[in-house]
Amino acid sequence: MDPRLDRDMSNCSIARTLEVVGEKWTILILREVWYGSSRFSDFEPVLRCPRNLLAARLRMLVRKGSWPPRPTRNQARGAGRST
């Protein structure tokens, strides 16, 4: 019998990683991060990924802890704050 079949796969780090990055657009986003992209406006023209898909993948990376949340330019400038 193959010894790999006896292993507990419920806590497999490779399987957990693939759940996060195992999709084409996510891997391409991570490639752009490696090259220095950090904002939605950096990714969009290079990847030419549909905006809704790009936004969903970035949100997922933030939710999984793989990408730090960053304020939008408007949030960074304090837009929407009451004074």
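At what angle do helix 2 and helix 4 pack, and how far apart are their axes? The legends below take up this pair and then its surroundings.

**Figure 1. Packing of helix 2 against helix 4 in the predicted model.** The two helices pack at an angle of about 70°, with their axes 10 Å apart, where axes are lines fitted to C-alpha atoms, for helices over the stretch in contact, and angles run from 0 to 180 degrees between N-to-C directions. That angle makes helix 2 roughly perpendicular to helix 4, on a scale in which angles under 35 degrees count as roughly parallel, over 145 as roughly antiparallel, 65 to 115 as roughly perpendicular and the rest as oblique. From helix 2, W25, T26, I29 and L30 meet L53, L54, R57, L58, M60 and L61 of helix 4, a contact being heavy atoms within 4.5 Å. Sorted by class, the residues of this contact are eight nonpolar, one polar and one charged; Ala, Val, Leu, Ile, Met, Phe, Trp, Tyr, Cys and Pro count as nonpolar, Asp, Glu, Lys and Arg as charged, and the others, Gly among them, as polar.

**Figure 2. Overview of the protein and of the confidence of its prediction.** Because the model is predicted, local features need pLDDT of at least 70 and side-chain atom pairs count only at pLDDT 80 or more, while totals for chains, interfaces and linings use all residues. Residues are numbered from 1 along each chain as its sequence is written, and side-chain values use heavy atoms, with hydrogens and water left out. The secondary structure comprises five helices and zero strands, helices (H or I, at least four residues) and strands (E, at least two) being DSSP runs numbered from the N terminus, and along the sequence the pattern reads α-α-α-α-α. The mean pLDDT, the predictor's confidence in each residue from 0 to 100, is 80, and 73% of the residues reach 70 or more. Among the elements, helix 3 has the highest mean pLDDT (93), whereas helix 5 (residues 73–77) has the lowest (62). Of the 83 residues, 20% count as buried, buried meaning under 20% relative accessible area, exposed over 50%, and partly exposed in between (1.4 Å probe, protein chains only). Among contacts between residues at least 6 apart in sequence, 47% join residues at least 24 apart.

**Figure 3. The crossing of helix 2 with helix 3.** The axes of helix 2 (residues 24–34) and helix 3 (residues 40–47) come within 11 Å and cross at roughly 115°. This crossing is right-handed, a crossing being left-handed if the near helix is turned anticlockwise from the far one by less than a right angle, and right-handed if clockwise. In helix 2, W25, L28, I29, R31, E32 and V33 meet F43, V46 and L47 of helix 3, and the residues of this contact divide into seven nonpolar, no polar and two charged.

**Figure 4. The crossing of helix 3 with helix 4.** Helix 3 and helix 4 (residues 51–63) pack at an angle of about 130°, with their axes 11 Å apart, and the two are therefore oblique to each other. Their crossing is right-handed. F40, F43, E44 and L47 of helix 3 make the contact with R51, L54, A55 and L58 of helix 4, and by class it has six nonpolar, no polar and two charged residues.

Figure 5. W25 lies in helix 2 and counts as buried because its relative accessibility is 16%. The phi of R48 is near 50°, a positive value in a residue other than glycine. Most residues other than glycine have a negative phi.

Figure 6. S37, in the loop between helix 2 and helix 3, is buried, with a relative accessible area of 12%.
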